[in-house]
Amino acid sequence: MSDLHQLTISQAHQLLKDRNISSVELTKANLARLAKVEDKVHACVTISEDTALKQAKEADKTISSGKIEPLTGIPALIKDVMCTKGIKTTCSSKVLESFVPPYDATVIDKLKASKTVILGKTNMDEFAMGSSTENSAFFPTRNPWNLDRVPGGSSGGSAAAVATDEAIYALGSDTGGSIRQPAGFCSVVGLKPTYGRVSRFGLVAFANSLDQIGPITKNVADCALVLNVIAGHDPKDSTSAPYPVPDYTKALIPKLNNLRLGIPKEYFVEGMQKEVRASIETAINKLEELGANVDRDASLSLTKYALAVYYILAPSEASANLARYDGVKYGFSYQDTNNMWEAMEKTKQFGFGDEVKRRIMLGTYALSAGYYDAYYLKAQKVRTLIRREFDQAFEKYDALVTPTSPTVPFKLGEKVDDPIQMYLSDVCTLPINIAGLPAISVPAGFADGLPIGMQIIGKPFDEETILHIAFAYEQSTDWHKRKPPI
Amino acid sequence: MKLSREEVKHIALLARLGLSEAEIEKFRIQLSDILENFEILKQIDTTDLPPTAQSIALQNVFRPDEPKASYPVKEILDNAPQRDGNCFKTRAVLE
């Protein structure tokens, strides 16, 4: 079989279970695909071929002994913001260019316990700050649907890798849309779970109250399979929720029996591309045909404040987190100075890229004496209102449906010197992180060959409903089956 | 909210972030624009509202205080920019 890299998790699992293929064969097929397309897409920063083949051999042994779980022997790529023991974890930053963690993140522990195969680490915006993967200190990733366009960010490497079949699935992280926006831009499925649903232990912190790890997959069923493995309480993460994990595959039902869906009009923002609007409206009609009760007049009036709240809270948390990169314990260290303070300043000056510096400055300002009340505290109070408004909406609706992004993927370089325009790329996704809700992006159309994503937002810890809706929609369309011309 | 060059330098000093002269000017303009966009929050009355630091209810998390092995010293120090035996080597804080 020459097209093994194109398999989904479910398909590969069946073939492995029936012993029609081995994990080594599957892993080699993905490594061959990587070798073929990587010089065009640049989705990966580290490819750990030897380790992957060793893991594949072990997975084959496990399968031979009769033990197989859904992710056993399946090759995956991991966003380079999650610690992997013995494999470099760079966060696509010069500061961590040579950092090798001595431990695994909890999600990696869980994947290893499932005997998944880790092919390597994917490119990202430096420290997960950005919407285009152009802020990587190493190189930008390109959108496989059009190599002149961005794949979205900050999990752009993971989304592009899944779209091109470099890996069967990938993990990303989402602080303001960083799983969903690139999933939308690359026409794959991306889920940001509820805050606290998946352990953040070993995820290099950007903004602790907003970050969440989640799957990026080729279809919705695969997304449920990965979530089944990575979700759950972790004593190592004090913000991890001590709730039981359901079997998410049970939510995969093709009809939407009278589910109540709200379409918040504020998410159809001024400046939204007309093709995006048209595709999402068509998708909403489809949801109605599938049995949902749709209210097109839903309103979330505080949406316009979310961008400001986010860009105060996230940089404030980031400025505290990034203070640890002082060039003493690990990472890049600038030594050629007269004293310790100068060494620390130069380490950060030459170790961090522009966007990281911008956010450290913003956060330091918002937290500084005299401005704390006006910025940080104010943003936290408006956050209370935004969460309350979502809670009220969920008294009326089972889920909310919006576009994932206001535009199709933009050109490389188009917004890189205009931070406000870049920040607007995540305008539909970041309110969800502020409120800590789960949301999924599914492929919902194309405009001139460029992908469009639909976002489905759920109640806290109700990933099942959004997977249900996403699955029903996916089964009635074929957007997810299209492959980029690469 | 227009920032001055002195303010930008002061913020950079607080963050111990070195900036070139060109960066000071670039960030002065960009940060001023971004802060101006934040003015929108003044439209909302937040008197008597509690702040939300986390989106889920949090409780203190405790674990038994039991001794256990730490990571091997070698693995930790393998990442150190400078080391001296089993210690991190750093510049003198007080000279």
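**Figure 1. B:Tyr71 lies in a loop of chain B and takes part in a nonpolar surface patch.** In this predicted model, B:Tyr71 is found in the loop between α2 (21–38) and α3 (73–77) of chain B. Helices (H or I, at least four residues) and strands (E, at least two) are DSSP runs, numbered from the N terminus. B:Tyr71 is partly exposed because its relative accessibility is 38%; buried means under 20% relative accessible area, exposed over 50%, and partly exposed in between (1.4 Å probe, protein chains only). Together with B:Ile76 and B:Phe88, B:Tyr71 makes a nonpolar surface patch of about 250 Å². Patches are made of residues with over 30% relative accessible area and no salt bridge, with like charges joined within 9 Å and nonpolar side chains (Val, Leu, Ile, Met, Phe, Trp, Tyr) within 5 Å. Accessible areas come from the Shrake-Rupley method with a 1.4 Å probe, and for residues only the protein chains shown count as cover.

Residues are numbered from 1 along each chain as its sequence is written, while chains are lettered from A and ligands numbered from 1 in the order in which they are written. As the model is predicted, local features need pLDDT of at least 70, side-chain atom pairs count only at pLDDT 80 or more, and totals for chains, interfaces and linings use all residues; side-chain values use heavy atoms, with hydrogens and water left out.

Figure 2. An α-helix has 3.6 residues a turn, so residues three or four places apart point the same way. A salt bridge is a side-chain nitrogen of Lys or Arg within 4 Å of a carboxyl oxygen of Asp or Glu. A:Glu355 is buried at 6% relative accessible area, and A:Arg359 is buried at 2%.

**Figure 3. Salt bridges occur in chain A and in chain B.** A search of the whole structure finds 26 salt bridges over all chains. The side chains of A:Lys115 and A:Glu58 meet in one of them (3.9 Å, N to O). A:Lys115 lies in the loop between α4 (106–113) and β3 of chain A and A:Glu58 in helix α3 (residues 49–64) of chain A, so this pair ties together parts that are 57 residues apart in sequence. A:Lys115 is partly exposed at 29% relative accessible area, and A:Glu58 is partly exposed at 36%. Another salt bridge joins A:Glu275 to A:Lys274, their closest N and O atoms being 3.8 Å apart. Here A:Glu275 is partly exposed, at 30%, whereas A:Lys274 is exposed, at 63%. In chain B, a network of salt bridges links B:Arg5, B:Glu21, B:Glu25 and B:Arg28.

**Figure 4. An open sheet of 11 strands in chain A has mixed pairing.** The strand order is β1-β3-β2-β4-β6-β5-β10-β11-β9-β7-β8. The edge strands, β1 (44–47) and β8 (293–295) of chain A, each pair on one side only. Two strands pair if DSSP finds at least two bridges between them. Neighbouring strands are turned by 25° against each other on average, direction ignored. Axes are lines fitted to C-alpha atoms, for helices over the stretch in contact, and angles run from 0 to 180 degrees between N-to-C directions. β1(A) and β3(A) pair in the antiparallel sense over three bridges, and A:Cys44 stands opposite A:Thr122 in β3(A). β2(A) and β3(A) run parallel and are joined by five bridges; A:Leu77 stands opposite A:Gly120 in β3(A). Six of the six residues of β3(A) are buried.

**Figure 5. Helix α5 of chain A is mostly covered.** Eight of the eight residues of α5 (residues 156–163) are buried, among them A:Gly156, A:Ser158 and A:Val162. Their cover includes α2 (23–41), β2 (75–79), β3 (117–122), β4 (169–173), α6 (180–186) and β6 (213–217) of chain A. α5(A) is followed by A:Asp165, whose phi is positive, near 65°.

Conventions: Contact = heavy atoms within 4.5 Å.
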